[in-house]
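Below are my notes on the model, as numbered points.

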Amino acid sequence: MRILVISDIHANYTALEAVLKDAGEVDETWCLGDMVGYGPDPNAVVEEIREIKNLTCLLGNHDVAVIGKIPFEAFNGDARRTLEYHERVLTASNMDFLRSLTSNLKVREDASLVHGSPRDSVWEYILNTLSARLNFDHFTTPWCLVGHSHLQCMFHLDEQNDRVSLKPIRAGERIQLQPRLIMNPGSVGQPRDRDPRSAYAIYDSESKTWEPRRVEYNIAEVQRRIREAGLPEKHAVRIAEGW
Ligand code: ZN
């Protein structure tokens, strides 16, 4: 199966559209959460996600907050202001869709899927080899797919010597997968690795390959809508710079 893996769309509809177009035909789509937060288009994004066939979709921390299960005080000022706006504008049926989902780890094919980390599905960021090593003890499949950090990356555990390394990856290059790995497809709507292009990945569950990909989208258009909605200027600036 050819599987599209997306995460951290953050109400950026233009980026999501670019990714869906660039990915082409897929058999399944796995979304690792954070459909809302930061961006100007919460309804358009949730509606587009709802349309996707053969979808596995998890909640991220921003999604859990907007449905009222985490207090907004847990977020910094700019993120909180946007969540308040999203809570106000999200339609009842889009809210119901979000409420129908969970943030619990799910297993699909050979992969464990989670937003944050296998030991803390909502909040923990896997940013370095230490946090990656600790998390390899919390899932049993050959690989685990995570989002949340907005960094397109891959951690490998060498079980012979119990060593974790950060694997060098290049967008557009197909990687043959070896157990065990933690992979992050990167963020569709707000990349934080200084590359503002939208990030996602294609996972082939038969040939066991992973292809991290990047695609350009109309950033100026999204910045215009962020400003129009009166959302924090910081959210407009960062998507152009990738932080
Ligand atoms: Zn996020």
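1. A salt bridge is taken here as a side-chain nitrogen of Lys or Arg within 4 Å of a carboxyl oxygen of Asp or Glu. On that criterion, the whole structure contains 18 salt bridges. The model is predicted: local features need pLDDT of at least 70, side-chain atom pairs count only at pLDDT 80 or more, and totals for chains, interfaces and linings use all residues. Residues are numbered from 1 along each chain as its sequence is written, and side-chain values use heavy atoms, with hydrogens and water left out.

2. Asp22 and Arg213 form one of these bridges, with 3.7 Å between the closest N and O atoms. Asp22 belongs to helix H1 (residues 13-23) and Arg213 to strand S12 (residues 209-215), so the pair ties together parts that are 191 residues apart in sequence. Helices (H or I, at least four residues) and strands (E, at least two) are DSSP runs, numbered from the N terminus. For burial, the classes are buried under 20% relative accessible area, exposed over 50%, and partly exposed in between (1.4 Å probe, protein chains only). Asp22 is partly exposed at 31%, whereas Arg213 is buried at 16%.

3. A salt bridge also joins the side chains of Asp110 and Lys208, at 2.7 Å from N to O. Asp110 sits in the loop between strand S4 (106-108) and strand S5 (111-113), and Lys208 in the loop between strand S11 (198-204) and S12, so the pair ties together parts 98 residues apart in sequence. Asp110 is partly exposed, with a relative accessibility of 25%; Lys208 is partly exposed at 26%.

4. The side chains of Glu211 and Arg174 meet at 3.4 Å, N to O. Glu211 is in strand S12 and Arg174 in the loop between strand S8 (163-166) and strand S9 (175-176), and the pair links distant parts of the chain, 37 residues apart. Elsewhere, salt bridges that share partners join Asp41, Glu221, Arg224, Arg225 and Glu228 into one network.

5. As for overall form, the protein has eight helices and twelve strands. Its radius of gyration is 17 Å, close to the 18 Å that the globule rule gives for 243 residues, so the protein is as compact as a globular protein of that length. The radius is taken over C-alpha atoms, and the rule is 2.2 Å times the number of residues to the power 0.38. Along the principal axes, the C-alpha atoms fill a box of roughly 55 × 35 × 30 Å. Buried residues make up 57% of the 243.

6. Contact means heavy atoms within 4.5 Å. Of the contacts with a separation of 6 or more, 72% are between residues 24 or more positions apart.

7. Thr82 is in helix H4 (residues 77-89) and counts as buried, at 0% relative accessibility. Not counting residues up to four places away in sequence, Thr82 touches Gly37, Tyr38, Gly39, Leu231, Pro232 and His235.
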